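Subject: Structure handover and notes

Dear colleague,

Here is the structure I said I would pass on. My notes on it follow below.

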Amino acid sequence: MSKSRLSFRITEKLSQIHPDVDYLTIDTDENIISWQAIANAFPNVTSIKISELAKVGEKHNIDADFFSAFPALERFITDSDQDLDTDFTDVSVNLLSQLSELKLELCSNTDLSVLGCLAKLKTLEVTVKSPTLRFHAQAESGLEEVALTLTHHCHALDIDLSTAPINTLKIKQRNHYRLDQPSAVTIDTFALPACLSELTIDIMTKAALPQDMLSHVSQLNKLTLEQQGGTISEYLLGDVAHITQCTLKLKDITTPVPASLFAKLASLTTLSLALDNTQLEQDFLPQALPLEEFYLHCKDSDLTPLLNTNLPKLHTAWLNWHHEQLPVWLAHSPQLTNVDLLFNGDISAMPVLPSLTRCTLRGTKGDQLPETLRHNANIHTLNLLNCAYPALGDISAMTALENIWIQPWEDDQALLPNMAGISELPALKTVRLDIIPTQIDPIWLQLAPQVELDLWHQHLATELAILRSANLPFEQCLAWSNTLVSINKPAELPAMPTEFHLTLMAAKYNRFKAQHKIWLRQVAKQSEQQKPLDNHSVIFISGRSAFKAAELKAKSAELGFTLSKKLDASVSHVLLGSAPKSIELLNIDRHLLIDDTSLQTYFTAEAPKFLQQADAGVMGDSVLAMLTSPDEASHQVAVQMLEQGGVTEAMRLPLFFILKTTSDNKLRKQIKQLLAGMGDEPFQLAVNDRILFNACRGLDKYGRLMGQGVMVDKLKKQKKKWGEALCNQFAKLYFARFGEGLIGLMMQKETSTEQLDALSTLIDGDCLNWRRGAAFEQMLAHFDEHSIAHYQRHINCSTTVNYDNLLGAAKTYLPQELAQNHTVLALDLGHCLLDALPKGIEHYRHIHRLNLTGNALTKLPDDFALFGELEELSLSHNHFTAFPEVLMKLPNLNRLDLRCARKPVASDDYISTYTYQGGTSREGAYRPIRAPQAFRDAFPNCEILEDI
């Protein structure tokens with residue numbers, strides 16, 4: 001059997017039979033002819049879930065027609081967030097007899113007793129809308145779990161479940177986040193079964209809950225009572241002798257909660273007591289109550305009745321203690337291991353708690369930690385949250401302390417206590433400080449390397465851990481740390497000494513990877529000048545190099561230099577790769593640092609491969625042609641040839657483009673090795689980063705066409721790392737391969753050599769084809785009729801040609817340089833998402849032909865009259881509201897296209913196709929833009945194209 005969903009094309013699905021479906025989800029806004037039609041199409045369905053429902057016939061609810069259509073239904077759930085009502089009027093028990101699970105988002109019946117007669121129904125969840133509710137279960141009922149949620153309409157309950165086998169019962173009023181506030185509920189009858197294990201009641205009432213409601217219950221695993229208003233009866237717990245977990249949330253109780261409430265309890269494991277404007281009777285908790293966990297939260301409530309508490313078996317106490325006196329009664333709990341105390345005052349008189357292992361203090365004050373804590377050798381966790389202590393004091397006796405968490409007020413580092421001595425604690429594992437650090441406390445650096453220092457500035461915490469683990473002089477470590485504390489972005493790192501870069505690189509820490517590479521390139525250049533590589537060089541490889549070991553060995557044999565396996569005095573040059581090793585043996589005064597670029601330059605100069613030689617022109621051109629081909633098989637062949645013949649400068653960019661756009665991991669690895677050490681620092685950073693553009697086209701995970709916005713947005717984010725020149729060159733190659741992606745350059749206000757070089761590819765003869773560069777039009781081939789209609793009307797362009805609006809307004813700028821350096825007599829601005837003429841068009845007023853088709857222009861500016869040499873103009877498929885009068889000032893105009901120049905109208909059916917000619921809607925009939933007679937008289941020889 002299988003699951004199915006009714007969402008779209010309902011009529012088509014209901015015309016077929018689906019005998020293999022047993023679980024059906026209805027999630028549709030389409031009308032359904034009848035429930036029986038669904039039952040006929042899905043004859044074996046036993047489970048139905050409704051997530052969204054339109055009309056069924058003429059109704060919008062669940063009633064007898066539904067249950068009559070599905071008499072074998074075992075599981076039924078409504079969860080549409082539409083307040084879908086289920087009405088059991090005229091529904092017989094026989095129609096419900098197979099139900100085992102029923103979850104209803106709304107029911108307006110006043111009597112649900114029909115659900116208490118069902119032998120197979122185990123789980124029932126209902127939100128009740130009726131003013132009153134009667135729910136009586138019979139002996140034959142199979143109910144085990146019942147949850148009733150009351151809306152603000154419900155104010156009276158008559159519930160008798162005494163004969164049902166229910167073990168879990170929850171009755172609550174709808175969450176208060178809704179606008180409808182709950183009403184006070186009156187409970188007329190509330191009889192519960194003896195087998196009840198878990199009971200939750202969350203209501204507002206003006207009276208006490210029935211004092212006999214638990215009269216047949218002797219043991220509860222979980223009792224949760226949330227009551228607002230009314231009173232608490234001293235007999236509320238009836239004859240219950242054992243409760244594992246009890247939660248009382250009491251607000252605005254009109255009389256003190258009786259001290260005898262827990263008198264009959266023989267055992268109570270966990271008590272959670274939350275008081276809000278609620279008072280307690282004196283000595284509220286019975287003496288020697290066998291309570292193990294006590295959670296207290298209070299607001300506007302007097303805690304004096306708890307001052308004489310005696311809980312000898314207590315091991316966990318979480319106390320929101322709003323009282324002038326400390327809870328010294330904790331001294332009577334010798335087994336107490338976990339204390340969480342909120343107390344706004346001095347706790348120097350805190351009692352001795354010999355078994356305490358975990359202590360959390362909130363808001364406490366004093367000159368130092370209480371002596372009873374500082375002398376406790378059992379505490380392994382200490383949390384100080386919003387406490388005010390100038391110093392921790394002498395904590396040397398806290399030999400078991402493993403974890404300490406300090407959160408000063410408003411996360412202010414200045415409010416941290418003096419933590420002298422913390423580094424001497426033998427068991428310490430973690431120190432958490434919830435601060436935004438502004439300076440380094442030397443104590444942090446004195447922590448043992450195995451101690452984790454946790455700061456809100458996670459980068460800094462990691463960097464301090466690296467420095468603490470390194471064998472560095474303390475003063476040097478402190479100076480570097482104070483430099484790092486003020487750095488928010490890696491680019492802010494100032495010039496740092498060699499030891500700093502080596503330490504972080506050896507730790508495989510990549511936050512400053514770009515800065516490490518820039519530093520290494522600078523140092524390598526100095527090394528190359530100081531002592532160039534030659535056949536006498538002895539090179540040690542430290543870390544991972546982009547060169548293969550076999551290649552280095554072959555070059556060593558060819559050029560005569562020596563590869564050393566040890567970093568000793570014989571080594572002249574150290575090739576520093578990623579994650580360098582043996583840096584402790586490095587002698588900066590003796591060993592010269594080089595990088596892959598140093599080796600690559602040396603190899604190319606001393607032993608160029610056959611493609612790098614001067615006479616390799618024809619073969620080199622052939623390989624270059626394969627690299628620029630769209631065929632990936634050609635790329636693989638070319639890469640294999642380059643591994644043998646070497647890479648020339650002209651091949652770097654094509655290789656880089658393939659590296660970033662291929663999905664072949666093996667090919668990427670080969671190209672990375674080929675480009676090792678080539679180009680400048682930004683180029684090497686781009687080669688070695690993980691930024692890829694192989695998933696920027698096609699469909700996203702939701703089946704939406706992505707277009708070029710994803711690529712343009714991603715490339716824009718790389719400008720600071722790659723440099724603008726490389727990004728512009730990449731965009732040019734991307735456009736040449738895929739026909740899109742150039743619009744990012746077209747949107748740049750400032751021009752550059754690389755940008756102009758790329759945009760010059762849009763010159764077709766004497767025409768600047770801006771339309772081809774915008775590349776929006778090529779997406780239309782993938783659109784259905786509905787999407788094309790949206791595009792033509794410029795509705796939701798962010799979801800049609802401008803994916804997720806990643807291109808913003810997609811405003812482009814026409815460079816003046818293109819008009820100066822090329823003979824441009826025509827300008828094609830069609831399909832460029834224009835609602836106004838682009839900036840820079842004033843440099844092209846000499847043109848003869850202008851195409852503005854497929855945009856959203858509503859008018860032409862007055863200075864359009866300066867296009868005095870214009871002969872041909874297309875305004876088709878725009879949003880003009882009237883004929884542009886400025887056209888009367890163009891003396892040379894001989895061809896004008898006004899077809900569909902007005903915004904198209906929509907039919908009354910929003911989903912249907914938008915139309916131009918003959919279209920009508922609530923907006924009225926479509927009215928074409930026509931040239932007035934005055935224009936025709938002034939331009940008798942002008943060819944005018946208009947709607948018929």
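Is Ala 184 buried, partly exposed or exposed? With a relative accessible area of 24%, Ala 184 is partly exposed (buried means under 20% relative accessible area, exposed over 50%, and partly exposed in between, with a 1.4 Å probe and protein chains only).

Before the rest, the basis of these notes. This is a predicted model, in which local features need pLDDT of at least 70 and side-chain atom pairs count only at pLDDT 80 or more, while totals for chains, interfaces and linings use all residues. Residues are numbered from 1 along each chain as its sequence is written, and side-chain values use heavy atoms, with hydrogens and water left out.

Single residues

Ala 184 sits in the loop between strand 10 (168-173) and strand 11 (186-191) (helices are DSSP runs of H or I with at least four residues, strands are runs of E with at least two, and both are numbered from the N terminus). Its contacts, leaving aside neighbours within four places in sequence, are His 155, Met 204, Thr 205 and Lys 206 (contact means heavy atoms within 4.5 Å).

Thr 200 belongs to strand 12 (residues 198-204). Thr 200 has a relative accessible area of 18% and is therefore buried. Not counting residues up to four places away in sequence, Thr 200 touches Leu 169, Lys 170, Ile 171 and Thr 224.

His 18 is in the loop between helix 1 (10-14) and strand 2 (21-27). His 18 counts as buried because its relative accessibility is 16%. Apart from neighbours within four places in sequence, His 18 is in contact with Lys 13, Ala 41, Phe 42 and Pro 43.

Two residues have backbone angles to check. Most residues other than glycine have a negative phi. Lys 508 has a phi near 60°, a positive value in a residue other than glycine, and lies in the loop between helix 9 and helix 10 (513-530). Cys 900 has a phi near 55°, also positive in a residue other than glycine, and is placed in the loop between strand 33 (895-897) and helix 26 (933-938). Lys 508 is exposed, with a relative accessible area of 59%, whereas Cys 900 is buried at 9%.

Helix 7 (residues 458-469) has twelve residues and reaches 17 Å from its first C-alpha to its last, close to the expected 16 Å (the expected span is 1.5 Å times one less than the number of residues). Its buried residues are Leu 460, Ala 461, Glu 463, Leu 464, Ile 466, Leu 467 and Arg 468. What covers them includes helix 6 (442-446), strand 23 (452-455), helix 8 (474-484) and helix 9 (498-506).

Helix 7 and helix 8 pack at an angle of about 170°, with their axes 11 Å apart (axes are lines fitted to C-alpha atoms, for helices over the stretch in contact, and angles run from 0 to 180 degrees between N-to-C directions). The two helices are therefore roughly antiparallel (angles under 35 degrees count as roughly parallel, over 145 as roughly antiparallel, 65 to 115 as roughly perpendicular and the rest as oblique). Leu 460, Glu 463, Leu 464, Leu 467 and Arg 468 of helix 7 meet Cys 477, Trp 480, Ser 481 and Leu 484 of helix 8. By class, this contact has six nonpolar, one polar and two charged residues (Ala, Val, Leu, Ile, Met, Phe, Trp, Tyr, Cys and Pro count as nonpolar, Asp, Glu, Lys and Arg as charged, and the others, Gly among them, as polar).

The contact is made by Leu 552, Lys 555 and Leu 559 of helix 11 and Leu 599, Tyr 602, Phe 603 and Glu 606 of helix 12. These divide into five nonpolar, no polar and two charged residues.

The axes of helix 13 (residues 617-628) and helix 14 (residues 632-645) come within 8 Å and cross at roughly 140°, which makes helix 13 oblique to helix 14.

Regards
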